[in-house]
Amino acid sequence: MEATNGNATNGAPETKDWRSYDRMLLPPTQDLHRLEVYTEHDGYDRLRRVLENEGMAPGDVTGEVKASGLTGRGGAGFPTGVKWTFMPDPGEKPRFLGVNADESEPGTYKDRQVMEYNPHLMFEGILLAGYAMHIDTAYVYVRGEYTDWISQMATELQKAYDEGYVGEDILGSDFSMDIVLHKGAGAYICGEETSLIESLEGKRGYPRYKPPFPAQKGIFGCPTTINNVETLAHVPLIVEKGGEEYSSIGAEDMPGPALYGMSGHIKRPGVYEYPTGIPLTDLIYDVCGGMARDEDPKAFVPGGSSTPPIRADNIDGLTMNDESLGEVGSRTGTLCPLVLDAETDMVSFARRVAHFYQDESCGQCTPCREGTGWLENILARIDQGEGRMRDLDLILELCDHMDGGRTICAFADGAVGPVRAIVKRFRDEFEAKCQASVYPVSTEVSAGPNSAVAATE
Amino acid sequence: MSTFGIQQPIVELPDQDPERDFSDEELVWTEEEQEQIEAWEEQYADEQGAIMKVLWLAQEKFGYLPPEVIKLCGETLDMSFSQTYGVATFYHQYFKEEKGSYVLDVCTCFTCQVCGGYDILHYLEEKLDVHAGETTDDGMFTVQEAECLGSCGSAPMMEITNGVYVHQLTPEKIDDLIESLRAGEVPEFTSVTLPQDEDEMDGNRRTDVENTTTYETQPRAEHME
């Protein structure tokens with residue numbers, strides 16, 4: 001991959017870095033998910049060191065996380081340390097940590113691997129975050145579909161309670177904190193932080209207006225921070241290595257190791273751990289063994305359904321970090337890429353993406369509730385060969401009426417981003433399907449009421 | 001009599017006093033369940049927080065959540081029926097009507113779509129002679145189309161009755177699965193080995209799981225919808 005070597009301007013590491021990387025989030029240790037094994041391998045030592053008399057003050061932990069440059073791994077990529085500083089000073093009210101294990105973003109399945117193979121790293125991260133922010137209770141909101149993983153985690157959590165790692169006076173210090181597992185019941189929107197809060201409170205998962213932000217009024221109206229599972233699993237590593245050293249791993253704009261959940265038309269799908277900023281071509285051809293059936297790639301969805309797909313002829317020289325993907329109008333999202341080969345029907349793909357958003361819209365705001373349905377309707381019409389050329393402009397116009405702060409949460413933006421990108425970047429495929437229509441309509445006559453009548457009948 | 005004709009609602013209202021599926025004698029918690037619910041209430045600053053757990057418990061106990069069960073759950077936590085009903089109807093996984101003994105949630109979201117999710121769904125529909133969303137006549141299976149279940153590396157896949165995941169489906173695998181489900185055998189939890197573990201640790205890292213599989217090259221979809 002020669003194209004990637006010379007491209008060091010976008011904060012990407014040297015190409016050799018990822019090959020010599022040793023895994024930290026999911027290190028190769030058998031049965032690490034069991035408390036006995038985890039503690040044998042220095043588990044909870046970071047927590048112990050922090051809680052010792054000469055340990056670290058809560059502010060120091062936040063300071064290290066800030067220095068590490070860790071960004072949220074749930075999709076939005078907000079700097080974690082900065083988020084923590086939004087919490088007000090401890091007062092009368094209880095304080096909560098919401099752990100976002102809802103992981104419903106299509107294409108994303110990395111948090112589940114943390115919960116399956118290294119749950120105690122997550123618990124340790126939760127406790128360190130709890131110490132840094134004076135948290136009383138952490139709620140781990142796991143999506144309802146992960147039944148097996150919830151019961152496995154519940155067993156391990158109980159062990160941690162029994163051994164004094166969680167609960168009252170943790171490890172003999174005066175720091176106490178509870179961890180509660182909360183099982184969702186199948187709603188994508190509950191991964192949105194304010195919706196997650198509503199759901200935890202036992203209500204319909206309708207997102208809330210911001211402000212007030214969760215740090216002021218979160219779970220039960222109390223100061224709350226919401227972090228993703230993988231994000232919290234990074235915290236013990238940061239405390240161990242120090243923020244400074246951690247920030248030297250991977251890409252400059254979003255440092256650290258990352259879990260890449262690879263799926264689609266590749267030879268070896270699966271979750272891989274490598275530093276951020278790995279070249280895309282290396283990821284597809286070296287890590288995942290290349291394209292399945294050795295076809296050419298057509299499109300690349302970098303991280304979940306909300307991230308705009310990239311044309312495969314654009315991926316040379318790109319790396320998996322926001323700065324680099326931003327150059328081609330996308331972002332890393334959850335860092336779980338989907339690779340599509342040349343035979344993929346992008347119209348059908350866009351239709352399925354739109355269907356997902358139509359199905360999952362909570363229905364609170366009109367632009368989103370109605371817009372997602374119409375997006376699906378129009379895309380379905382094109383997909384079925386009954387589309388008209390002007391439908392393409394109609395889609396783009398509809399997109400403009402949905403995003404950009406017209407709704408309470410960013411769901412509509414998430415729905416519009418990929419659809420708009422697919423229509424713009426793969427327009428030829430949409431046009432081909434429209435032209436295959438029984439009544440082809442040229443772009444010239446696609447204006448005015450008369451043409452509309454002619455086209456329908 | 002007033003000359004103002006009262007307009008009938010255009011949409012017929014649902015039956016306001018439907019026949020109940022469960023009698024008052026059935027609609028009680030056992031002592032054990034009551035204790036469990038109280039423990040859950042403790043976990044939340046406001047007891048209403050426990051409603052999702054209580055609804056899950058009720059679904060396990062009664063199989064699905066008709067209005068009278070939802071009402072019971074609400075009363076347990078001092079919530080009004082409308083509030084509780086609102087919660088129960090917001091989430092996909094709470095069954096508001098009776099389903100088959102096994103609910104087969106086939107993922108067709110886009111990763112599964114491009115890897116043959118619809119092929120699997122159609123095969124299953126044909127095999128069981130139902131459409132997605134319907135239950136077989138013998139009341140054994142309900143086939144549903146599901147949104148992303150978070151197992152994209154092992155697509156196409158399905159989930160059985162809000163529980164175990166079955167990965168990397170093929171028509172042959174479906175045949176075996178249906179046969180074993182008919183015999184009352186639900187597959188056990190399967191751990192999918194990380195590719196890096198295969199290289200570095202010679203296989204699965206978990207010794208407490210009997211069923212393991214590895215990620216494989218994903219199929220190409222024959223049909224996309």
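Let me start with a term. A nonpolar core is a set of buried Ala, Val, Leu, Ile, Met, Phe, Trp, Tyr and Cys residues, joined through side-chain atoms within 4.5 Å. Buried means under 20% relative accessible area. One caution as well: this is a predicted model.

Now the cores. The largest nonpolar core has 189 residues. Which members touch the most others? They are A:Leu97, A:Ile126, A:Phe349 and B:Tyr91. Helix H8 of chain A, residues 119-133, gives this core its largest share, ten residues. Chain B contributes too: at least three residues come from each of domain 1 (4-90) and domain 2 (102-214).

Leave out residues up to four places away in sequence, and look at what B:Tyr91 touches. Among its contacts in chain A are A:Tyr141, A:Ala185, A:Cys190, A:Lys203 and A:Arg204. In chain B, B:Tyr91 touches B:Met52 and B:Lys96.

Next, strand S1 of chain A, residues 96-101. How many of its six residues are buried? Six of the six are. In a regular strand, side chains alternate between the two faces of the sheet. Follow that here. A:Phe96, A:Gly98 and A:Asn100 point one way from S1(A). A:Leu97, A:Val99 and A:Ala101 point the other way.

S1(A) has parallel partners. With strand S2 of chain A, residues 137-142, S1(A) pairs over six bridges. There, A:Val99 stands opposite A:Val140. With strand S4 of chain A, residues 224-228, S1(A) pairs over five bridges. There, A:Phe96 faces A:Thr224.

Now move along chain A to an open sheet of five strands. The order is S6-S5-S9-S7-S8, and the pairing is mixed.

Two bridges join S8(A) to S7(A), residues 297-301, and the two strands run antiparallel. A:Ala299 has A:Arg311 as its bridge partner in S8(A).

Last stop: helix H13 of chain A, residues 280-287. H13 lies across S5 (257-264), S6, S7 and S9 (338-341) of chain A. Against S7(A), H13 runs at about 115°.

That is the tour. Thank you.

Conventions
Residues are numbered from 1 along each chain as its sequence is written. Chains are lettered from A and ligands numbered from 1 in the order in which they are written. This is a predicted model: local features need pLDDT of at least 70, side-chain atom pairs count only at pLDDT 80 or more; totals for chains, interfaces and linings use all residues. Side-chain values use heavy atoms; hydrogens and water are left out. Two strands pair if DSSP finds at least two bridges between them. Helices (H or I, at least four residues) and strands (E, at least two) are DSSP runs, numbered from the N terminus. Contact means heavy atoms within 4.5 Å. Axes are lines fitted to C-alpha atoms, for helices over the stretch in contact, and angles run from 0 to 180 degrees between N-to-C directions. Buried means under 20% relative accessible area, exposed over 50%, partly exposed in between (1.4 Å probe, protein chains only). Domain bounds come from an automatic or database domain assignment.
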